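Hello,

Here is the structure I promised to pass on to you. Please open it first, and then read my notes below.

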There are 2 protein chains.
Amino acid sequence: MTAAHSDFRSWLPGQSAILSAHSRIAPYIHRTPLFTSRLLNEELGSRLYFKCENFQKAGAFKSRGAVNAVFSMAEERLLSGVCTHSSGNHAQALARAAGLRGIPAFIVMPENSPSVKVAAVRSYGGQITFCPPTLPDRERALAKVKAATGSTEIHPYNDPAVITGQATCAREIYEDIPEPPDFVIAPVGGGGLLSGTLASTVIWSSGTKVFGAEPTGANDAWKSLQQGRLIPSENPNTIADGLLTSLGANTWPIIQRFVSGILLAEDVYIIAAMRLMWERLKIIAEPSAVLPLAVLLKSREQGEYSIFRNRSIVLIVSGGNFDPDRIPWKP
Amino acid sequence: MTAAHSDFRSWLPGQSAILSAHSRIAPYIHRTPLFTSRLLNEELGSRLYFKCENFQKAGAFKSRGAVNAVFSMAEERLLSGVCTHSSGNHAQALARAAGLRGIPAFIVMPENSPSVKVAAVRSYGGQITFCPPTLPDRERALAKVKAATGSTEIHPYNDPAVITGQATCAREIYEDIPEPPDFVIAPVGGGGLLSGTLASTVIWSSGTKVFGAEPTGANDAWKSLQQGRLIPSENPNTIADGLLTSLGANTWPIIQRFVSGILLAEDVYIIAAMRLMWERLKIIAEPSAVLPLAVLLKSREQGEYSIFRNRSIVLIVSGGNFDPDRIPWKP
């Protein structure tokens, strides 16, 4: 850590931890490409780089954190396996990581989870326990599973090994990009990806400003930053179903200290961004993954784009697990 | 050319022509990646490599042939520009190529062309003449434009420079793939991509078998091969709107002599292939571009997959220009 943040008293993954994580997970993850589009650059008047974690193993950046957590577990904990509650990409990523290490994964999923997600967790060998779809029910079910199996909980975003794993995404960006970017924008749900991105930026690209991009309908990070304290998500409502969660005790201090701001976008911009990435980049990104482009589209429409004009901007496309039967527009 | 096809009397682009074309177009095209999916490989029991020409400039392999044709034109022809009739990817690719060389492109388009395609041609600087949507009308309108402008017609698939340009796609495949593939499957419409693929295969991977993949509703290449003579397309009917055309005088002899077969698939397999590539690869491919996967899905369903099992297969994903408002399934 440099002098600039030597005053930071909370936990932050450091350079050697992130590099070790990257070596540890390298055999099990993709080094995802940075995509560009001349036409999009012209349309937005900036140099955009899309970090395509939609092409990541199991379809999302979550594989980085899950693999790092599972492969850095103490030997004596391995036999009993790992557990979590998740209806989304972390469930798949953890089931896959556990399978790679040959240990069991116990996944608590709400009983209304889309069957395609249930099937994906099963295809990686995850053992599923269903529960009612409320947070208290999920936590209760997870506590039971933990007690019964002795398995180790791997939290989707608050676990330090998970955050350190997610930091490898920005590490790759700074290695691969042809110019040091002016901005990096990452979606923010629980804050694992954003806090990991901030950790790598502090180390490898301290001149880069990092923004979080959040749905207006799930704006707990924005509110927390405004009020200077962690405010949990309440009745979130957005199509970005991967960003409904609240910040955690380990992600919030990092975000509060290092982020340049949280930008918001309504679902209408999220849908427009999905369509634009489809048309210009020919890629499938899930709603939660297009937030960085959505906030740029909104800022342009509101005449607030000037700070981004003629600058280089990395947009982290966090995942691509998007059911073709759930297209949020009328074809 | 090797002894094995020294008896071939028709025109076939040779090694030095393809290598020159590749150097000529390299500054203006993408070297597109080969994508793989562990899950898809398991599902199909083969090693599949997807050559992603959906990521190509202007969204399709057509940029290769168009750039090669425009950049190998005689100096004295340049001022008058180029022309073609096309409602599809060749129109965009030619307009773009002409723009890159600073010469005019006159594009005859049927008046019922989707507005998104019209806008794309205009965005590349193409000058559009509209005509009624029949082949005679298109040819008449093109003859008029040619007479009025003195421009050089660049045929979408029968022009030797276009075929030579398309051959660079397979050249890249053989350079980039980690194993010599058992099979390459390319969509076939007018046959420019397929004949170019055959030309490169003869030179760089003579042990590889090349198949064409064609919609059952536009099966002129299949019929032609069956009957041993060029049979034009009649009232084709398929969602693969890039594959409605008939083989040409230059593509047909190459295909007849070197192709290992033409495989057919109905629209239902085309739609299934689009969805599968969306779900597993997270990419957008247009209906015409998924024919190689569609024919594999059909052959598996019909119990005829054994020749492909445990083999390495390259599937050429020819383009990604697919309007999100035209999804061919009910979300």
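A polar contact here is a pair of N or O atoms within 3.5 Å; within protein, one must be able to donate a hydrogen and the other to accept it, and residues adjacent in sequence count only if both atoms are side-chain atoms. Twelve residue pairs, both at pLDDT 80 or more, are in polar contact between chain B and chain A. By class, chain B's side of this contact has twelve nonpolar, four polar and eight charged residues.

This is a predicted model, where local features need pLDDT of at least 70, side-chain atom pairs count only at pLDDT 80 or more, and totals for chains, interfaces and linings use all residues. Residues are numbered from 1 along each chain as its sequence is written, chains are lettered from A and ligands numbered from 1 in the order in which they are written, and side-chain values use heavy atoms, leaving out hydrogens and water.

The two chains also share two salt bridges (a side-chain nitrogen of Lys or Arg within 4 Å of a carboxyl oxygen of Asp or Glu). One of them joins the side chains of Arg275(B) and Asp325(A), at 2.8 Å from N to O.

Best wishes

Note on methods: Ala, Val, Leu, Ile, Met, Phe, Trp, Tyr, Cys and Pro count as nonpolar, Asp, Glu, Lys and Arg as charged, and the others, Gly among them, as polar.
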